[in-house]
Amino acid sequence: MQLKHIDRGGALVAIAVMAGLPLVFDSRYLMGVLTVAAIYGIWSVSWDFMSGLTGRENFGHSLFIGVGAYAAGFLNTAWGVNAWWSLPAGMLAAVVFALIMGIPTLRLKGPYFALAMLSGAVIMQRLMLIFWEYTGGEEGINGIEPLIRSPLHFYWFVLGMLVLTVVLLGGLARSHWGLILKAIRGDEATCQAAGLNVTYYKIASLVISAAFAGMGGALYAHYQLQVSPQLFAVVTSITIITMVYVGGMSTIYGPIGGALLLTLMTELLRNFGEWRLMVYSVALILILFFLPQGLVAPTWQKIRHRLAGGQP
Amino acid sequence: MSLLSVRHLDKRFGGLHAVKDISLEVQQGEILGILGPNGAGKTTLYNLLTGFIKPDNGEVLLDGQSLLGIASHKVVGLGVARTFQLCRPFVGLTVLENVMVGSLGPRVPAVDLEKRAHRLLDQVGLAGKAHAPSELLSYGDLRRLEIARALATEPRLLLLDEPFAGLGSGEIAALSDLIRQLHSEQGLTILLIEHKLREFMQLVSQVVAIDFGQVIATGTPQDIVKNPKVIEAYIGKQDTDYAA
């Protein structure tokens, strides 16, 4: 019972700090970094929900992000639809793609799902260039309206959506649903022997994961006020996976810490000039080598046990 | 009418004729044993019965309803549960959670799942280990866990695949008692594949002996051990098969 209160308290402190930072440091730059970190948080939490829990790695999360962002961009610029429709539209577009990708590949065992997601993202990136008359090619879609005029209020809104994502997906992960997804990671044949329709649960969890990724994509489109084929890039997916690993796989809340840490690290290392990428990579390798369970979630586990008086 | 009837079941894997025209009947409330040397097609038969693989020919009826073409998870929903020859716990879940997963299918109403899982663990003798990580269990405990998880699906028919494999004699006696108890107290119908002849013969009421994918004899344990074909196929192999 006490651990539950400590978790709630920790979450409230974290939210308060995140929300209060731009008030303490009056900097547009910091607010931008935090907004991007919060959006990455939504993406990595949604990745963790499907891939972290079921163990079926999705190497093309950027597909859902890009599709969500482009849906938002199209509706807002080409058809002049109110910006607030972008969030449900981004979710819906990502869900459609999750069904297209998931139904044929998640029935199969083996690496087909991971490979299909990877190539799906790459193919969409190419298609955005091939159909440049409609997508704007390399330039992408420009002139997207902001969702909220004030950058501070927009940041708070994104933070609110991140909290909503974690509460919903974390709640699902702790329910019987989450137990089934973790059992699928353990052994699919045994799940079938327990009477569970493994394919259904895998596809449904991908759909849920995609919906939140697409919503994050739409938020990103309204932050950048522009979308480009770069959104589908493989490197985006890899960054998200790294954030989840650093945060602590299948913990749902851990990846937010990973997203924050890695986004801040990217910015702080700018002083290293051309050595930046190398320092960043070495730091990541060290974290993953010495802390295979991740950094953020295991650290929080230690803190809460200490706060609870040492009992495990 | 028999609970499960298998008629002219046939399965080939390329050139290997794994199951050849097997027919058998499982009566409500009996323990039927399936006997046969390694590679005789016993596990393939289980996989066919539970929808894990599809037969080339033949018919499987549960209470008169065909099980062919029904996905494996739906077969469980109809009340046929199985254990695996090699224990396959859900790694990363506790013992209790492993059993709870068995009750999450549509067959079992989703109330008091945790209480139900505790009761099953109590029944199989794992009550003290409910919160242990399942991958830390001993081999004998993993067998009990397999059975508890299968029972969590509330089966009418339980298919046990070599439950005594790899167990010591004390563990075998305890597990035998458990199987006997499930049969006598809960009236569970059980299909049993086993190599450990002595315990097997004491448990089952009827035996179907299989070799090279075919039924070579059917009868009571007393008849089966005297059957020359069975002695040739199974007991006869004991001379060279020291591991058995």
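Predicted model: local features only at pLDDT ≥ 70, side-chain atom pairs only at ≥ 80, totals over all residues.

1. Between the two chains, the contact draws 21 residues from chain B and 16 residues from chain A. On the side of chain B that touches chain A, α2 (72–77) and α3 (95–102) of chain B each supply at least two residues, and by class this side has nine nonpolar, seven polar and five charged residues.

2. Chain B is assigned a domain 1 (4–79 + 155–239) and a domain 2 (93–149), whose centres, taken over C-alpha atoms, are separated by 24 Å. Their contact takes 11 residues from domain 1 of chain B and eight residues from domain 2 of chain B. On the domain 1 side, the elements that give two or more residues are α2 and α6 (169–186) of chain B, with α6(B) giving the most, four residues; by class that side has six nonpolar, four polar and one charged residues.

3. In chain B, strands β9 (residues 206–211) and β10 (residues 214–219) pair in the antiparallel sense over five bridges, with V207(B) opposite G219(B). The two strands form a hairpin with two residues between them, and F212(B) in the turn has a positive phi of about 50°.

4. In chain A, the axes of helix α3 (residues 61–78) and helix α5 (residues 112–130) come within 7 Å and cross at roughly 35°. The contact is made by S62(A), L63(A) and G66(A) of α3(A) together with M117(A), G120(A), A121(A) and M124(A) of α5(A), a set that divides into four nonpolar, three polar and no charged residues.

How values were computed:
Residues numbered from 1 in each chain as written. Chains lettered and ligands numbered in written order. Contact = placed C-beta atoms within 7 Å. Nonpolar A, V, L, I, M, F, W, Y, C, P; charged D, E, K, R; others polar. Pairing = 2+ DSSP bridges. Axes fitted to C-alpha atoms, helices over the stretch in contact; angles between N-to-C directions. Domains from an automatic or database assignment.
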